[in-house]
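Please look at the sequence and the structure first.

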Amino acid sequence: PAILRPGRFDRKVVVGRPDVQGREEILKVHAKGKPLSEEIDLKQIAQTTAGFAGADLENLLNEAAILAAKAGRLFLKQEDIQKAFIKVGIGAEKKSRVISEKERRITAFHEAGHAILFHVLPDVGPVYSVSIIPTGSAGGYTMPLPEKDEMFNTKGKMLQDITVSLGGRVAEEEVFDDITTGASQDIKQATKMAKAMVTRYGMSENVGLICYDNDDDEVFIGRDLAHTRGYGEGVATAIDQEVKRIIDECYAKARQIITENRSVLDACAKLLLEKEKISQKEFEALFETDHVVL
């Protein structure tokens with residue numbers, strides 16, 4: 001704040017993250033000098049890398065080039081870029097990690113639950129790939145393929161995002177009548193989004209169009225220790241109740257959809273256990289062969 005006060009740095013130029021067209025152009029720049037196979041589709045890569053900055057895209061292609069070199073090839077394939085994306089965006093796949101058959105089965109149903117909700121809910125899909133190969137600290141992943149970048153998020157889409165986040169936990173309960181710690185990050189993400197809807201974006205009728213988020217971008221170390229709440233106990237209770245209501249309603253929606261599509265859940269988990277990773281085409285084919293209620 002002291003540096004940016006009037007008379008010092010008066011002009012601010014905000015450089016946001018690139019949209020899908022910008023990412024495609026950036027990829028073309030960093031692809032120069034790298035021999036690409038004809039199958040590589042930079043437009044599709046741009047679609048799957050929503051939120052990536054220019055440096056992330058450069059890192060993606062450099063990582064893909066390293067993978068091609070390790071494979072003894074003089075050109076990059078689509079497979080190299082997909083592996084690089086997983087490593088850069090999610091975490092390196094650890095095929096060497098030994099996991100029990102029980103854990104593999106739990107992960108397969110967990111990821112199948114996420115994937116079904118991505119496919120059925122209109123504003124969050126479609127699914128690009130689903131995997132039960134461990135990556136980083138996660139047992140697997142479900143990767144969506146956003147069809148377009150949008151400047152504003154809507155209440156409906158945010159509710160769908162929360163619903164998708166809860167799909168793994170719902171699938172575990174539906175199949176195993178038990179729950180694991182595997183959904184901890186999903187629950188954290190869903191809670192954070194629900195709280196932002198209530199306290200920052202005014203998306204709760206009960207709480208109203210008031211910003212109760214006191215994050216003023218303070219950068220000093222220890223700010224959380226001195227952080228004071230700018231509202232009373234009654235408002236705090238109302239916020240907690242609204243966050244819980246949003247989570248509960250999204251959870252019920254996730255359970256309804258997964259229950260209605262139980263045959264797809266079973267088929268997807270079975271296919272994942274056989275192949276470990278399935279593509280968009282393979283996943284969507286499950287809906288064509290089974291009776292699905294949308």
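## Helices H6 and H9

Helix H6 (residues 155-165) packs against helix H9 (residues 233-260) at an angle of about 65°, and their axes lie 8 Å apart. H6 is therefore roughly perpendicular to H9 (a term for angles of 65 to 115 degrees). Helices here are DSSP runs of H or I with at least four residues, numbered from the N terminus. Axes are lines fitted to C-alpha atoms over the stretch in contact, and angles run from 0 to 180 degrees between N-to-C directions.

H6 passes H9 in a right-handed crossing (the near helix is turned clockwise from the far one by less than a right angle). Leu159, Ile162 and Thr163 of H6 make the contact with Ile246, Ile247, Cys250, Lys253 and Ala254 of H9 (contact means heavy atoms within 4.5 Å). By class, the contact of H6 with H9 has six nonpolar residues, one polar and one charged (Ala, Val, Leu, Ile, Met, Phe, Trp, Tyr, Cys and Pro count as nonpolar, Asp, Glu, Lys and Arg as charged, and the others, Gly among them, as polar).

## Helices H1 and H3

Helix H1 (residues 20-31) and helix H3 (residues 54-70) have axes 9 Å apart and pack at an angle of about 45°. H1 passes H3 in a right-handed crossing.

On H1, Arg23, Ile26, Leu27, His30 and Ala31 meet Gly54, Leu57, Glu58, Leu60 and Leu61 of H3. The contact of H1 with H3 has six nonpolar, two polar and two charged residues by class.

## Basis

The model is predicted: local features need pLDDT of at least 70, side-chain atom pairs count only at pLDDT 80 or more, and totals for chains, interfaces and linings use all residues. Residues are numbered from 1 along each chain as its sequence is written, and side-chain values use heavy atoms, with hydrogens and water left out.

How values were computed: Helices (H or I, at least four residues) and strands (E, at least two) are DSSP runs, numbered from the N terminus. Angles under 35 degrees count as roughly parallel, over 145 as roughly antiparallel, 65 to 115 as roughly perpendicular and the rest as oblique.
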